[in-house]
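Q: I am new to this structure and would like a close look at one part of it. Please keep the account plain.

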Amino acid sequence: MTADRLGAEGLRATMEWFRDALGMHRDVINQLNVYPVPDGDTGTNMALTLETVVAEVSAAGEGMAEVCGAISHGSLMGARGNSGVILSQILRGMADSVAVAGHVDPPVLASALKKASAAADEAVSAPVEGTILTVVRDVATAAAEAVEQGVDELISLVEGCQQAGRASLERTPELLPQLARANVVDAGGAGFLLLLDAMATAVDGRPLPDPPPVDPTAGVGAAVAGADDAHGVDDADGTRYEVMFFLEAEDDRIGEFRAAWEALGDSIVVVGGDSLWNCHIHSNDIGGSIEAGIGVGRPFDIRVTDLFEQVEHVESLVEAEIGGTVTTVPGDPVTTGVVAVSVGAGVRRLFESLGVRAIIAGGQTMNPSTEHFVQAVEQLDADEIVLLPNNKNIVPVAERVDDCTDSVVRVVPTRGIAEGLAALMAYDPSAGADENQSAMAEAAEDVVTGEVTQAVRDTESELGSIAAGQWLGLDRGGLRVVAPSAAQAATALVAELIDDGHELVTVIAGADATTADVEEVTAWLADNRPEVELEVHEGGQPLYPFYFGVE
């Protein structure tokens, strides 16, 4: 039976179907990746954002205002990466319009899409055509025109929006040369269209579209799966098992639950609210960890992983799936505390040694959410905070945190680990957040950075054809080097980065960098740039065997 309009339950169902659709299509969306590097996590970020939305919507009251409020708050707190932030703005814009109207019919949907488009544009400082922004705008325009022409059936309007959206998505390579070069359409736009598919399902019960087949030899999903045995765990914190579950429990029992878990293990993450919680712990006591949940409520969807049989970066990816890990570092009270995003035991130790007071596990392919930053900020004994996102995809999420907490929060928009380390050279714990932000941003900008990673798919680039498995050297401007080995890519990239005015090169070796690779890079520097001082650190980061900072 086709609905003439959607009420609160229909909108709730739309969010649930949208979550399911993103889960089904996640790997396909991840493969719509402009650069062939392992950061194509648009599908993952959108899917995880919707998990938070649905968790809040499921716990919301029956009225439209409650459902729309849950969509707005859930998307805000669950947003991950650029794609998650933009999707959050789209959902919040739509929710604001629908909450006022109290239902969804053609005029309301057209108005909601218009507001969603405007909100999405506001989320981006420099909007680019050929992206999700274009697709949402084209859909909103088509909806408004259809209503003006007299379309009064909701399913007819949704179908018209689907048609306009697919046409817009197909045009994205014509608007964005990077997409044309990689022979893909925009990933965010593809994810947004699943919202229209979900609404169609909620309106008349039609099935969600099946995802096209995923090429098992290409894309980020394949790259991550293929990296599982790259190295062994060197920082399991003495605990063997990772225990995860969802917990239905009254909010006032969670303090008791946290206390029980603190006696059982570490790497504890308990996020949620309104009686639904997402829980994660590293512990040697599986039974005790689960019994602690039973003591306060009902645990379900229980998952246990043997950390001794997993590698560190896969463990980090799993943690990112359910909320990320926030680790605080003890120390004397400071005026301004620093929160940094990183992955890799060695990188974490470097940040800790330079005064970072809270570290959020994350980076490429594992972007933390707004909620994780808020959690880290609220755990620090400081009224003023500086955030180091250390990844360009995480910067937009970090920039939303100040609005979500009573603390004074400033962001130094670091785009990589080397920039984060350089910024910390200017950190003054006794100064205020504004003063630190200025000094640290200047220090980060002064360092020349680069990184080496492996291509996860065939593509065309400004340097010519790239084959999956080749090694890539990148700097702030983009792709600089394509080489057959990690060491060759690293030495060629360093040669591009260094000039006669540089005095120091910092090398952060990742989990996939062999001893021979590191020795080849250091030998090249000794032979070709003997005047430059060299520092080598074991970072342990996955997917990127080398980070470079040149000063």
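Predicted model: local features only at pLDDT ≥ 70, side-chain atom pairs only at ≥ 80, totals over all residues.

A: Residues are numbered from 1 along each chain as its sequence is written, and side-chain values use heavy atoms, with hydrogens and water left out.

The order in the open sheet is β5-β7-β6-β8-β9, with mixed pairing. Strands here are DSSP runs of E with at least two residues, helices are runs of H or I with at least four, and both are numbered from the N terminus. Two strands pair if DSSP finds at least two bridges between them. At the edges lie β5 (326-328) and β9 (408-411), each of which pairs on one side only. From one strand to the next, the twist averages 20 degrees; angles run from 0 to 180 degrees between N-to-C directions, and axes are lines fitted to C-alpha atoms, for helices over the stretch in contact.

Within the sheet, β6 (residues 336-342) pairs with β8 (residues 384-388) in the parallel sense, over five bridges. Gly337 has Ile385 in β8 as its bridge partner. Helix α14 (residues 345-353) packs on the sheet and touches β6 and β7 (358-361), where contact means heavy atoms within 4.5 Å. The direction of α14 makes about 170 degrees with that of β6.

As for the setting, the protein chain has 20 helices and 17 strands.
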